[in-house]
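Welcome! Have a look at the sequence and the 3D picture below, and then we can walk through them together.

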Amino acid sequence: MRLRSFSEGLLLPRSSRSEPQPFEHVPAPETLFLPLKQHQGAGCRPLLKKEETVQRGQALGQSSETTIQSPVTGQVVEVDKEFRNLYGTLTTSLTITASGEMEQTKQSPAESAIMDRILHCGVIDSGSAQPLLRKLSKSQECGVRTLIINGLDEFFIFGSRAALLVHYPEQTMEGIQILQHILQPEVTYLAVYEQSLPLLREHAAIPDSVSTIPLRAKHPQHKEPLLVSALTGQEYPLESSPLELGIASFSLETASTLARIIQQNQPNTEKPLTVLDPEPEDQRNLIVPLGTPIKHLLQYLGRNSESVAKVIVGGPLTGTALSSLDYPVTKEMDQIHFQKARDQIRFSSEVCIKCGYCVEVCPMRLMPFLLSGYSSTGLVDMAANYDIFTCIECGCCAYVCPVNIPLVQWIQVGKSRLSTHIRNEAV
Ligand code: SF4
Ligand code: SF4
């Protein structure tokens with residue numbers, strides 16, 4: 001069978017395993033940090049003050065679209081109004097010390113309605129980090145003919161999404177059926193890497209209403225525009241959304257979380273993660289209480305902080321470097337990479353040698369060296385002429401560049417300067 005895919009991009013590294021690692025449950029630390037913005041859009045308003053007690057599952061903060069719940073029973077010991085999140089934005093963060101009890105807030109009957117429960121549990125669509133309530137409401141408004149469940153992990157064949165499929169198959173299938181119930185699509189596709197298909201058939205009872213589509217294990221196949229194109233053959237302008245074509249895509253983790261909060265009546269206070277542990281070079285799938293500081297994760301893995309030179313949150317080609325090991329695990333994180341000093345890439349000041357490798361791998365058929373060159377020299381109008389906003393920041397170009405030019409960072413700078421320029425022009 002010829003697998004669906006796209007022609008550029010990078011083949012994923014082969015996995016030494018024949019199936020995903022089962023999840024390990026990381027115990028909650030004594031102190032947790034819960035930023036009240038762990039999603040796209042406005043942050044949540046704090047609902048508790050310093051020294052108030054809190055129960056597991058109780059809302060710590062809420063907005064009109066989402067909620068942050070407490071992963072533990074304990075006490076609020078600090079309310080920091082100037083916490084800087086992953087993207088440099090200031091938000092409020094609550095510090096909680098756990099009492100060790102696991103008593104849980106009872107849900108009131110009104111919260112059992114599905115959309116209320118999604119708001120009360122603050123589910124976000126993993127991958128896009130959009131509040132699920134917003135994404136579902138918009139999808140219902142537009143009408144969904146095709147529902148896509150994205151079971152592809154970024155850069156790893158057997159990451160946490162594959163592990164949810166294989167180790168929590170019933171929960172995952174229940175979650176997909178909840179999404180089908182809400183959106184009433186005509187067709188539902190479940191996208192998986194080809195290596196996961198036999199495992200899925202072995203472990204999960206796939207409903208007849210779900211078509212499972214195996215895809216070639218390539219980066220960045222998990223990105224929405226490439227996924228939509230591989231499954232439906234349709235393309236959409238990146239400034240709009242696949243909803244204009246009647247297509248909605250949700251991550252497989254979102255489906256699994258839905259089943260957990262609705263069928264099992266659990267709070268949304270833990271995060272499935274893939275962690276790349278440098279020593280031994282190993283990939284592990286963890287379920288971590290939200291708010292757990294990264295340094296606690298390192299302790300759990302049996303490593304000391306000196307053995308780690310850099311922590312990257314997100315995929316190895318696309319992630320963001322953290323400035324502190326005190327930073328907590330949040331809903332936006334899917335992967336964490338602990339890098340040793342010898343694995344760090346040193347970006348050079350070398351000039352482009354016009355080898356063209358970056359052009360060959362770009363899945364969006366752009367000219368990365370031109371976008372980066374124009375952005376770094378301030379010629380952002382020229383970068384706009386070469387479609388800089390079509391770049392999905394997949395990192396393929398920087399990965400293959402023989403002189404290590406930080407192409408993605410320059411493209412990000414160019415986009416940001418151009419956005420400011422466009423905003424100023426509009427005033
Ligand atoms: S230019 Fe953008 S889309 Fe193309 S390879 Fe580089 S990061 Fe990916
Ligand atoms: S891969 Fe690097 S050196 Fe080669 S053309 Fe692209 S930017 Fe230039």
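## Reading the model

Two strands are said to pair if DSSP finds at least two bridges between them. Helices (H or I, at least four residues) and strands (E, at least two) are DSSP runs, numbered from the N terminus.

This is a predicted model, in which local features need pLDDT of at least 70 and side-chain atom pairs count only at pLDDT 80 or more, while totals for chains, interfaces and linings use all residues. Residues are numbered from 1 along each chain as its sequence is written, and chains are lettered from A and ligands numbered from 1 in the order in which they are written.

## Strands side by side

Let's begin with β18 (residues 282-289). Strand β17 (residues 270-277) runs antiparallel to β18, and eight bridges join the two; here Lys-271 stands opposite Val-288. Strand β2 (residues 24-25) is parallel to β18, with two bridges between them, and His-25 faces Ile-287 across this pairing.

Elsewhere, four strands form an open sheet in the order β3-β9-β8-β5, paired in the antiparallel sense. Which strands stand at the edges? They are β3 (31-35) and β5 (53-54); each has a single partner strand, so one side of each is left without a neighbour in the sheet. The partner of β5 is β8 (residues 74-84), joined to β5 by two bridges, and Val-54 has Gly-74 as its bridge partner.

## Two nonpolar cores

A nonpolar core is a set of buried Ala, Val, Leu, Ile, Met, Phe, Trp, Tyr and Cys residues joined through C-beta atoms within 7 Å. A residue is buried if 20 or more other C-beta atoms lie within 10 Å of its own, exposed if 12 or fewer, and partly exposed in between, with C-beta atoms placed from the backbone. The largest core has 47 residues, and Ile-148, Ile-149, Ala-191 and Ala-255 touch the most other members. A second, separate core of 32 residues includes Ala-28, Val-72, Leu-273 and Leu-286.

Contact between two residues requires their C-beta atoms, placed from the backbone, to lie within 7 Å. Beyond its neighbours within four places in sequence, Ile-148 is in contact with several residues, among them Tyr-189, Leu-227, Val-228 and Leu-231. In helix α6 (224-232), the buried residues are Leu-226, Leu-227, Val-228, Ala-230 and Leu-231. Their cover includes β12 (146-150), β13 (187-193), β14 (210-215) and β16 (247-251).

Some places to look for are set by backbone angles. After α6 comes Gly-233, with a positive phi near 75 degrees.

Ala-129 belongs to the loop between β10 (124-125) and β11 (130-131). Is Arg-365 buried or exposed? Arg-365 is exposed because 11 other C-beta atoms lie within 10 Å, whereas Ala-129 is partly exposed because it has 17 C-beta neighbours inside 10 Å. The loop that holds Arg-365 runs between α9 (357-361) and α10 (368-376).

## Around the two ligands

For the shells below, a residue is near a ligand if its C-beta atom, placed from the backbone, lies within 6 Å of it. Of the 17 residues around ligand 1, the nearest are Cys-362, Pro-368, Cys-391, Cys-394 and Cys-397. Two or more residues come from each of α10, α12 (396-400) and α13 (407-426), and α13 gives the largest share, three residues.

Ligand 2 is surrounded by 15 residues, the closest being Cys-352, Cys-355, Cys-358, Phe-369 and Cys-401. Here α9 and α10 are the elements that give two or more residues.

In these classes, Ala, Val, Leu, Ile, Met, Phe, Trp, Tyr, Cys and Pro count as nonpolar, Asp, Glu, Lys and Arg as charged, and the others, Gly among them, as polar. The shell around ligand 1 has 15 nonpolar, one polar and one charged residues, and the shell around ligand 2 has 13 nonpolar, one polar and one charged.

## Two domains

Domain bounds come from an automatic or database domain assignment, which gives domain 1 (10-21 + 109-262) and domain 2 (357-426). Their centres, taken over C-alpha atoms, are 29 Å apart. Eight residues of domain 1 are in contact with eight residues of domain 2; on the domain 1 side, five are nonpolar, one is polar and two are charged.
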